[in-house]
Amino acid sequence: MGYIKYEQKEFIGVLTIDREKALNALNSEVLTELNAAIDAIDLDATRCLIITGAGEKSFVAGADIGEMSGLTKAEGEAFGKKGNDVFRKIETLPIPVIAAVNGFALGGGCELSLACDIRIASENAVFAQPEAGLGITPGFGGTQRLARTIGIGKAKEMLYTCGRVKAPEALQLGLVNAVYPAEQLMEEAMKLAGKIAANAPIAVRACKKAVGDGIHLDMDSALVVEEKLFGSCFETEDQRNAMTAFVEKRKPEPFVNK
Ligand code: CAA
């Protein structure tokens with residue numbers, strides 16, 4: 001693949017969007033390759049995915065403005081759907097996804113990070129939804145996920161003003177979970193992914209599904225979602241192993257995803 005690099009590091013997948021000369025902007029080809037790369041992840045062998053951008057300057061500087069500049073209404077809608085479909089696939093991927101935001105996360109870049117479960121950022125990271133200044137709305141989920149992540153008031157301010165949010169403010173807003181010096185970002189992303197990968201994969205995936213499926217339901221329905229997923233963890237090898245080890249006051253065997 002030309003624009004996507006994928007490395008498997010034991011249980012952790014590292015996916016890099018690599019179109020550095022355009023600050024990793026997302027054109028149709030990048031989106032097609034990203035979709036194929038996500039489909040190709042071996043979910044039996046992978047317990048956490050990290051998404052980052054190539055180079056030191058940018059995570060993703062948005063959807064490709066050159067490509068969008070001449071689109072018709074129908075083509076614009078189709079381009080939005082193409083991005084939305086890939087990002088939704090990332091959001092609902094059974095394993096947790098960490099965005100390691102290593103610089104500009106503008107427009108589609110901010111939206112890509114929002115489709116991930118957890119965002120961590122380098123000190124030089126900058127978030128914004130600059131679309132209104134380009135005569136469009138965000139098209140890859142920004143109007144929906146930003147408000148759900150940082151609250152409606154601040155999300156609307158970002159959407160209406162196109163103002164930039166630097167890493168410290170992103171941390172304060174809860175847009176990112178942590179900020180690190182740029183040279184430590186990937187090491188910290190790997191550490192976080194490693195902590196996730198050390199837990200029982202079936203349980204971690206069930207946690208992701210419970211939060212994702214339950215968050216937009218009323219509490220009674222959401223608790224039923226949790227009950228079903230909670231129940232589904234029992235009789236698994238990993239549950240038996242971990243609980244028996246606790247009862248016997250010893251460490252569990254490594255988890256096997258069964
Ligand atoms: N689309 C296409 N090309 C882009 C791009 C984008 N979103 N962002 C950067 N590039 C390209 C530039 O055109 C430039 O290419 P050339 O070298 O061929 O001229 C190259 O990347 C480097 O960019 P700059 O020279 O502009 O670098 P800079 O350091 O001066 O500025 C920047 C960096 C502030 C990120 C600036 O490039 C910029 O403002 N980019 C656009 C950001 C943006 O508005 N993103 C939102 C797009 S709309 C969207 O994403 C819609 C959606 O929701 C789906």
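Buried means under 20% relative accessible area, exposed means over 50%, and partly exposed covers the range in between. With that scale, F230 is exposed, because its relative accessible area is 56%. The model discussed here is predicted.

A search of the whole structure finds 3 aromatic pairs. In one of them, the ring centres of F230 and F234 are 5.0 Å apart and the ring planes meet at 80°, so the pair is edge-to-face. The cut-off behind that label is an angle over 60 degrees. F234 has 33% relative accessibility, so F234 counts as partly exposed. Elsewhere, F79, F87 and F140 form one aromatic cluster.

Now turn to the ligand. How many residues surround the ligand? The shell holds 24 residues. The closest are K57, A63, G108, E111 and E131. What kinds of residue make up this shell? It divides into 14 nonpolar, 4 polar and 6 charged residues.

For A63, a backbone N or O atom lies 2.8 Å from an oxygen atom of the ligand. For G108, a polar backbone atom is 2.8 Å from a ligand oxygen. For G139, the distance from a backbone N or O atom to an oxygen atom of the ligand is 2.9 Å. On its own, the ligand has 980 Å² of accessible area, and the protein covers 63% of this. Which elements give two or more residues to the shell? They are helix α2 (65-68), strand β6 (104-106) and helix α4 (108-115).

Next, the cysteines. A disulfide is a covalent bond between the sulfur atoms of two cysteines. A search of the whole structure finds 0 disulfides. C48 is in no disulfide, and its nearest cysteine sulfur, that of C116, is 10 Å away. C116 is likewise in no disulfide; for this residue the nearest cysteine sulfur is that of C48, at 10 Å. The cut-off for a disulfide is 2.5 Å between the sulfur atoms. Are these two cysteines buried or exposed? C48 has 0% relative accessibility, so C48 counts as buried. C116 has 5%, so C116 counts as buried too.

C162 has a positive phi of about 65° although it is not a glycine. Where is C162 found? It is in the loop between α6 (152-161) and β9 (165-166). N24 also has a positive phi of about 65°, and N24 is not a glycine either. N24 lies in the loop between β2 (12-17) and α1 (28-39). Despite its place in a loop, N24 is buried, because its relative accessibility is 0%. Along the chain, N24 and Y3 are 21 residues apart, and their C-alpha atoms are separated by 8.5 Å.

Take I51 in strand β3, which spans residues 48-53. I51 has a relative accessible area of 0%, so I51 is buried. I51 and I196 are 145 residues apart in sequence, and the C-alpha to C-alpha distance between them is 15 Å.

L173 sits in helix α7, residues 167-173. Its relative accessible area is 22%, so L173 is partly exposed. L173 and T149 are 24 residues apart along the chain, with 9.0 Å between their C-alpha atoms.

The last stop is F11. Where does F11 lie? It is in the loop between β1 (4-9) and β2. F11 is partly exposed, because its relative accessible area is 36%. F11 and T236 are 225 residues apart in sequence, and 19 Å separates them in space, C-alpha to C-alpha.

Note on methods. Residues are numbered from 1 along each chain as its sequence is written. This is a predicted model: local features need pLDDT of at least 70, side-chain atom pairs count only at pLDDT 80 or more; totals for chains, interfaces and linings use all residues. Side-chain values use heavy atoms; hydrogens and water are left out. Buried means under 20% relative accessible area, exposed over 50%, partly exposed in between (1.4 Å probe, protein chains only). A residue is near a molecule or strand if one of its heavy atoms lies within 4 Å of it. A polar contact is a pair of N or O atoms within 3.5 Å; within protein, one must be able to donate a hydrogen and the other to accept it, and residues adjacent in sequence count only if both atoms are side-chain atoms. Accessible areas come from the Shrake-Rupley method with a 1.4 Å probe; for residues, only the protein chains shown count as cover. Helices (H or I, at least four residues) and strands (E, at least two) are DSSP runs, numbered from the N terminus. Ala, Val, Leu, Ile, Met, Phe, Trp, Tyr, Cys and Pro count as nonpolar, Asp, Glu, Lys and Arg as charged, and the others, Gly among them, as polar. Rings of Phe, Tyr and Trp (its six-membered ring) pair if their centres lie within 6.5 Å; planes under 30 degrees apart count as stacked, over 60 as edge-to-face and the rest as tilted.
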